Amino acid sequence: MKEKQLITLDENAIAFPVNFAPAQIDFSGYNQMKDQIDQLHEGLENYEGNLKEAKSTRAKLNKLKKAIKGRKVEIKKKAEAPIKNFNDKVESLIDEIDDSSSKISDEIKVFEDQEKQARHEKNLKQIAAVCELAEIDPAKIKYQSSWDNKSYSKTKFETEVDQQIALIQQQQAQYVDNVKIVSEKANELALPADHWIKTLDGHSLSEVLDAMTDYKSDLEAVSKAQKEAKLNRLNNLKKQGNKYVDPETGEIKDKIFSLKLKVKGTSWQLKQLQSFLKDNGIEYEGLEG
């Protein structure tokens, strides 16, 4: 397909070749007419004529005024005709120039958009390449629309991408450290680590650690309350053989089971077991060291 070529304007045409001559109006009878009207006007200073003559003179004056105004309109219209014709031609040229300029602007925008898209794709490839070297996900880079501008410095673009990569690497390293800290804290508090590690996504390390401590305290408080309630219920029951019964109603509330258990462990572990049995009101023998 043959490429369209824009027509080059003639410089002489751009020079706007227009000849202009001021309109000439020959009002040769002006002085004579003005003298007569001046005389009439001055004569009215001490005028004492009759009614018929006054009305006749006024009618002649009004007729003269109408004729003068009509002639003025006619002459002015003829004098302004070339100006109107010239103005219409100029406006027509301007409208056509604006339309042509608009069409060219549309074509320029198409080219500029294509170039901008090409720069965008090139930038994305470069970001992907440097992110691969840095072992980070390119999707984590916050793309700036200004990077696609033709006037944007390539050096500045590369510097800003490198700065983002450095920050992401720093955040990832910090996240690894935070995960380790949370895992150790979870192990210390005997809590599942996975849940609290996920909580790091929307909260700071200090917030997560505080929440873990509070949660553990709540669990211990609930457990303690449950144990106390259970022990209180047992204390209020009467032991009869291998059963606990309500002393008031005689209703069997629970059964007592006896098991022989052989355990091995460190002194600390055995003390922990002993403490657990005691806290839960379980009778035992042979754990005293």
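Q: What should I know about the model and its numbering?
A: Residues are numbered from 1 along each chain as its sequence is written, and side-chain values use heavy atoms, with hydrogens and water left out. The model is predicted: local features need pLDDT of at least 70, side-chain atom pairs count only at pLDDT 80 or more, and totals for chains, interfaces and linings use all residues.

Q: How many salt bridges are there by this rule?
A: A salt bridge is a side-chain nitrogen of Lys or Arg within 4 Å of a carboxyl oxygen of Asp or Glu. The count here is eight. Aspartate 113 pairs with lysine 109, the closest N and O atoms being 2.9 Å apart. Glutamate 80 meets lysine 76 at 3.9 Å, N to O. Arg71, Glu74 and Lys78 are linked in a network of salt bridges.

Q: Is asparagine 123 buried or exposed?
A: Buried means under 20% relative accessible area, exposed over 50%, partly exposed in between (1.4 Å probe, protein chains only). Asparagine 123 counts as buried because its relative accessibility is 9%.

Q: What is asparagine 123 in contact with, leaving aside neighbours within four places in sequence?
A: Contact means heavy atoms within 4.5 Å. Asparagine 123 is in contact with Tyr143, Trp147, Asp148 and Phe157, leaving aside those neighbours.

Q: Which residues make the nonpolar surface patch?
A: Patch residues have over 30% relative accessible area and no salt bridge; nonpolar side chains (Val, Leu, Ile, Met, Phe, Trp, Tyr) are joined within 5 Å. Areas come from the Shrake-Rupley method with a 1.4 Å probe; for residues, only the protein chains shown count as cover. Leu40, Leu44 and Leu61 make a patch of about 220 Å². Leucine 44 is partly exposed, at 45%.

Terms used: Patches are made of residues with over 30% relative accessible area and no salt bridge: like charges are joined within 9 Å, nonpolar side chains (Val, Leu, Ile, Met, Phe, Trp, Tyr) within 5 Å.
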